[in-house]
Amino acid sequence: MAWIVLVLSGVLEAVWATALGRSEGFTRLWPTVVFFAALALSMGGLAFAMRTLPVGTSYAVWVGIGAVLTVTYAMVTGAESFSVVKALLLMGIVGCVIGLKVLH
């Protein structure tokens, strides 16, 4: 259960990171609301997962999932440019996250 919650929390990290960018310094209401809601749920899930998973592993997986999804979303929506090198580096992060799960 901790791994499922951790992965969902990583997804929510991407949500709050994207919402933070769209909030324009907390001047836009709905992106700001989404930011705070996703932030609270993401942190809560991370804290829950850390009750049974090691802190370092939990944090690395959480950040890795959030970073990969945030950049991928930005590339898909055109907010960030796509490159093969960038895609390969993101796949490297995914490989590291999977490796941490396998080793645990």
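## Helix 1 at a glance

Helix 1 runs for 21 residues and spans 30 Å from its first C-alpha to its last, close to the 30 Å expected at 1.5 Å a residue. The expected span here is 1.5 Å times one less than the number of residues in the helix. Helices are DSSP runs of H or I with at least four residues, numbered from the N terminus. Please keep in mind that this is a predicted model, in which local features need pLDDT of at least 70 and side-chain atom pairs count only at pLDDT 80 or more, while totals for chains, interfaces and linings use all residues. Residues are numbered from 1 along each chain as its sequence is written, and side-chain values use heavy atoms, with hydrogens and water left out.

The buried residues of helix 1 are Ala2, Trp3, Val5, Leu6, Ser9, Gly10, Glu13, Ala14, Trp16 and Ala19. Buried means under 20% relative accessible area, exposed means over 50%, and partly exposed lies in between, using a 1.4 Å probe and protein chains only. These buried residues of helix 1 pack against helix 2, helix 3 and helix 4 (84-103).

## The nonpolar core

Now to the core. The largest nonpolar core has 15 residues, and Trp3, Leu6, Trp16, Phe35, Leu53, Val61 and Trp62 touch the most other members. Helix 1 (2-22), helix 2 (29-49) and helix 3 (55-77) each supply at least two residues of this core. Such a core is a set of buried Ala, Val, Leu, Ile, Met, Phe, Trp, Tyr and Cys residues joined through side-chain atoms within 4.5 Å.

Leaving out residues up to four places away in sequence, Phe35 touches Trp16, Ala19, Leu20 and Phe26. Contact here means heavy atoms within 4.5 Å.

## Helix 1 against helix 2

The axes of helix 1 and helix 2 come within 7 Å and cross at roughly 155°, so the two helices are roughly antiparallel to each other. Axes are lines fitted to C-alpha atoms, for helices over the stretch in contact, and angles run from 0 to 180 degrees between N-to-C directions. Angles under 35 degrees count as roughly parallel, over 145 as roughly antiparallel, 65 to 115 as roughly perpendicular, and the rest as oblique.

The crossing of helix 1 and helix 2 is left-handed. A left-handed crossing has the near helix turned anticlockwise from the far one by less than a right angle, and a right-handed one has it turned clockwise. Among the residues that meet here are Val5, Leu12 and Leu20 in helix 1 and Val34, Ala38 and Phe48 in helix 2.

## Helix 3 and its partners

Helix 1 and helix 3 pack at an angle of about 45°, with their axes 8 Å apart, which makes helix 1 oblique to helix 3. Helix 1 passes helix 3 in a right-handed crossing. Their contact includes Val7, Gly10, Ala14 and Thr18 from helix 1, and Val61, Ile65, Gly66 and Tyr73 from helix 3.

The axes of helix 2 and helix 3 come within 9 Å and cross at roughly 150°, making helix 2 roughly antiparallel to helix 3. Helix 2 also passes helix 3 in a right-handed crossing. Here Ser42, Met43, Leu46 and Ala49 in helix 2 meet Ser58, Tyr59 and Trp62 in helix 3.

Ser9, in helix 1, is buried, with a relative accessible area of 2%. Not counting residues up to four places away in sequence, Ser9 touches Leu41, Ser42, Gly45, Leu46 and Trp62. In helix 3 you will find Thr57, which counts as buried at 17% relative accessibility.

Lys86 lies in helix 4 and is partly exposed, with a relative accessible area of 21%. Beyond four places in sequence, Lys86 touches Val71, Met75, Glu80 and Ser81. The C-alpha atoms of Lys86 and Met75 are 9.9 Å apart in space, and the two residues are 11 apart in sequence.

## The loop between helix 1 and helix 2

Most residues other than glycine have a negative phi. Glu24 is not a glycine, yet has a positive phi of about 50°. Glu24 lies in the loop between helix 1 and helix 2 and counts as exposed at 52% relative accessibility.

Phe26 is in the loop between helix 1 and helix 2 too, and its phi is also positive, near 65°. Phe26 is partly exposed, with a relative accessible area of 41%, and is one of the residues that Phe35 touches.
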